[in-house]
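Let's take a walk through this protein, one piece at a time. Have the sequence and the 3D view ready as you read.

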Amino acid sequence: METQLEPMKDDLPLMANTSYMLVKHYVLDLDVDFRSKVIEGIIVLFFETGSQYRKTSSTGKEGCRSQFDEACKRRASEPCHIPVPNLSACSSKMECNDFAVCGKHEEDTSDKNGNHSNEEQASGMSSSKDCCDIENHGNKDFLLVLDCCDLSVLKVEEIDVAAVAGIEEFVRSAKLTDSSKELENLRNQIVHELVALPADRWKEQLRYFTCCSQAPGCGELLFTTDTWSLEIRKSGIQTPADFPHAIRIWYKTKPEGRSVTWTTDQSGRPCVYTVGSPINNRALFPCQEPPVALSTWQASVRAAAGFVVLMSGENSAEPVQLREGILSWYYYVTMPMPASTFTIAVGCWQEVKQQSFTAAIQSNIEFSLPSSQADFRWHEEICGHVEYPCRFQDSAARLQAVIPYRVFAPWCLMERCEECLIQLIPRCLSAAYTTLGTHPFSRLDVLIVPSNFSSLGMASPHIIFLSQSVLLGGSHLCGTRLCHEIAHAWFGLAIGAHDWTEEWISEGFATFLEDTFWARAQQLSHGEVKGQQELKALLRWRRLRDEVQNSEEELQVLRPKKESTGELSESGASVVKHGLKAEKIFMQVHYLKGYFLLRFLARAIGEASYLASLRKFVHKFHGRLVLSQDFLCMLLEDIPEQQKSGLTVESIIQNWLDTPGIPKLLPDQLVLLLEYLLEGKTLCPRVLQCLEKTYQLREQDAEVRHRWCELVVKHKYVSGYGDVEKFLREDQAMGVYLYGELMLNEDVKQQELAHKCFAAAQEHMDTSAAKVVAEMLF
C-alpha cells in the first residue's frame, strides 16, 4: 500500500517516482548567461523501468495499473501545459552550436587514470513539429514525476532514438513493422540495450548517448509543474514499460533559483556556482533526487570567452571555440552517482600552476605503495556495484598515490594558493591513499570559491570547493580541511548513504579520517600524532557539548527516522527529515557525534585493526549505497570477541544513533578543558591590545580569528571592531553566530555594527545564512 508523504514544513520532499522509472544517464546542453543570470538549454534523460514495476508486472498489466490509479485521481483536475517551443531560443542555439554529425566524433584518447585531452562533443537538438494528442485520457495514464524547483520548463518531447545512424546493432533481434506500438517498444529496447552496454565499451556508449540526444523528436509530452516537481505523461500510455525511455526537456533556471548562486568573486568578476543547497540540484535541472537514482552524465556548457567552466567530470575539459566570443566545455562521468553530487562553477578562474618544487614532491610520492599491501587483497575480488569502469579493478589506478590535480582561484588569491594550498595537495592525496588505498576518482580540481560560500569546504566527484578562510594563518586549517574533503571521495561519494538523514556516514567518517590523513601528510612521530589527536578530541568534545546544550533534541539524533531509515513509499518518493531547517545547516552534531562514535570503535578494537576494517569496507561497498548497520555488522563480524563484551549493533544504534545528546559511553575518559580567556569575566583594552600584538591574531587562521572576534565583542573592545567587520565580510562560512553575539550585549555600537555588516553582505549571502542572521537582527 502506498505510503502518503506528509512532510513537515522543514522536511525536504523527494518527489521522483524512482520505483517505476529510474534515470540511468543525463545529457545536458546548456548556455550560461551572466547578463540575465540564467542557465538555459536542454536536458535529455535516459530511463530504465523501475524495480517496483518489474516486480509487479509479473502479475499482469491490470494489477500494475492499479498502482497508478490513486495518484492519477489526485491529479485528474490539474491542468496540463500544452507546450509551445521557444522558436527564438532554438534558432539562437543553432547559431552558437557547432553540431557534430553522428558517428564522426573525434576519438577520445583519454585513459581512466586522469590523463585526458579530449575535446567537447558538440551537442545539438533537432525538433519535430509533430505534437502529441492533447486530449485528456483520464485516470489511466502513467505519470512520470521528476524533482524540480525554481525552473521554467518550456517543452518536453519523446526522442526517436531509432532514427540514429548506426543504432542497428542494438535492435538486430527486433522485427520492425509499421505498427506504432512496435515502434515505441523498439525505441525503449534501444535505450535498454544502450544503458546496459558493458563497462569496457564506455567510450562507444557516450558517443551513442550524444547521438541519441540529438535525434529528432517524435511527439511532445504533456507536463505540469508544481512547487517541488515536474510531472510528465503521454496520452494513452498506462505503464512505465510503455512510457518513453528517452525524453528531452527544454528549460531555464531562474535568477533566484536556490541550487546555484550568482555573485562576484574576490576580484570583483561575475561567477555562478552550485552552493550545496538543501534542495540540491533540482533548481539547476529536472532530475531524480533520491539517492537510489544512481546515474551517469555528460554535459556541454557554453559561456562567454574569458570564463572557465569547472564541473564534476572525469576529463580535464579543454574549451572549444564555437564562434567568436563563445567557448564550449564538455565533461562526462561514467561512475553512476546521485544527481545531487553534480557540481558546476563558472567564473573567471585562474589556474594556479604547479611550481617545480611541487612537481618534485609529487614525483617522490607518486609510486609509493600502501603501508600494508596485504590489506589490498580485496582488489582481486569482483566488485559488488553495478558495472562501470571501476578504478578498483584497474592495476595502474591501484598504484596511483597522487591523482592528477589542478587548482583554480580568483587572480587576487593566486599567490596565497601558491604559498600554501598547492604544496599540500600531493601530500594529502598520498596520505589518503596510504590509509584507504585506491582513489575512487581519476582526477581532482580544487577551486577557491567566493566569500559568500557558507562552508569551509565541499566535496563533489572530481572537484573540491574551499573557502578563502583556509588560506590565511599557516597550513594547519588548510591542510585539515583539505584532508576532510579528500576523505569524502571514499565516504560520501564512492560510498553514499542510502538515506540522506544518515549524513553522519559521510561527515563522521570524514572528520575521523581528516586526523589520520593530516598526521600522515605531516609525517609526524607516533607521540606527536597521539598528542595532536587528543587535543583535537578535546576541542571537538567541548564544541559538541555546547551544541547539545543549545539545540533541539530532535536535531541531535544521527538516525532521525530510526527503524524506518531507508524505507521508501511504493513509488520511491520520500522526505529528508529536517532537510530544509535553516539552523541545521550550521550544526556539527553529525560531524562530531559521528566522529566520537568512530573514535570509540577504534579505541575498542585497536587502531590498526580498525583501519584495516575501513579498507575492507571501502573495497566491499564502493559504488554502493549503505545504511549504518552495513558498516557496524561488517565491523563486528570481523571481531566477534567484541560481541562478548556487550558491544552489539543493537546497542550501538540505541546509544549513539537513535538517541539525542551525548552517549554515556564515551570514547575516552575525557578531562575537563583548560580555562579559556573567553570564560574570564573581564579583560581590559590594554590586555587585549597586548594579546593581539603578541600572537598576531589578525594574521592567524579563521578559527583563531573567530575566537579573537568573540573576545572583541564580549569585552566591547572598540579598536577591534574593524576585525569583526572584516571577519563577517570575508569569512561568511564561520561568521553567522557573531551577529547573535553582537546583538546579545545590547550595546548600541555593536548592534549598529551588526546591521551595517548585514546590509553590506545580505545581497550576496547564502540564502539560509541570510535567513538565520535576519532572525537574529530583526
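## Before we start

Contact here means heavy atoms within 4.5 Å. Helices (H or I, at least four residues) and strands (E, at least two) are DSSP runs, numbered from the N terminus. Buried means under 20% relative accessible area, exposed over 50%, and partly exposed in between, using a 1.4 Å probe and protein chains only.

This is a predicted model, where local features need pLDDT of at least 70 and side-chain atom pairs count only at pLDDT 80 or more, while totals for chains, interfaces and linings use all residues. Residues are numbered from 1 along each chain as its sequence is written, and side-chain values use heavy atoms, leaving out hydrogens and water.

## The whole chain

The protein chain has 21 helices and 24 strands. Of its 778 residues, 59% are buried. Take the contacts with a separation of 6 or more: 78% of them are between residues 24 or more positions apart.

## Helix H18 and its cover

Which residues of H18 are buried? In this helix, residues 721-730, they are Tyr721, Asp723, Val724, Phe727 and Leu728. They sit on the same side of H18, because they cover an arc of only 155° around the axis (taken from the directions from the helix axis to the C-beta atoms). As background, an α-helix has 3.6 residues a turn, so residues three or four places apart point the same way.

What covers those buried residues includes helix H17 (702-714), helix H19 (736-744) and helix H20 (748-761). H18 packs with H19 at an angle of about 145°, their axes 9 Å apart. Axes are lines fitted to C-alpha atoms, for helices over the stretch in contact, and angles run from 0 to 180 degrees between N-to-C directions. Val724, Phe727 and Leu728 of H18 make the contact with Leu738, Tyr739 and Leu742 of H19. By class, that gives 6 nonpolar, no polar and no charged residues. (Ala, Val, Leu, Ile, Met, Phe, Trp, Tyr, Cys and Pro count as nonpolar, Asp, Glu, Lys and Arg as charged, and the others, Gly among them, as polar.)

## H19 meets H20

H19 and H20 pack at about 150°, with 7 Å between their axes. The two are therefore roughly antiparallel; angles under 35 degrees count as roughly parallel, over 145 as roughly antiparallel, 65 to 115 as roughly perpendicular and the rest as oblique. Among the residues making the contact are Tyr739 and Leu742 of H19, and Leu753 and Phe758 of H20. The contact has 7 nonpolar, 3 polar and 1 charged residues.

Glu746 lies in the loop between H19 and H20. Its phi is positive, about 55°, although Glu746 is not a glycine. Is Glu746 buried or exposed? At 66% relative accessibility, it counts as exposed.

His578 lies in the loop between strand E23 (574-576) and helix H11 (589-605). With a relative accessible area of 8%, His578 is buried.

Leu197 is in the loop between helix H4 (180-195) and helix H5 (202-213). Its relative accessibility is 11%, so Leu197 counts as buried. Leaving aside residues up to four places away in sequence, Leu197 touches Phe170 and Gln205. The C-alpha atoms of Leu197 and Tyr388 are separated by 9.4 Å, although these residues are 191 residues apart along the chain.
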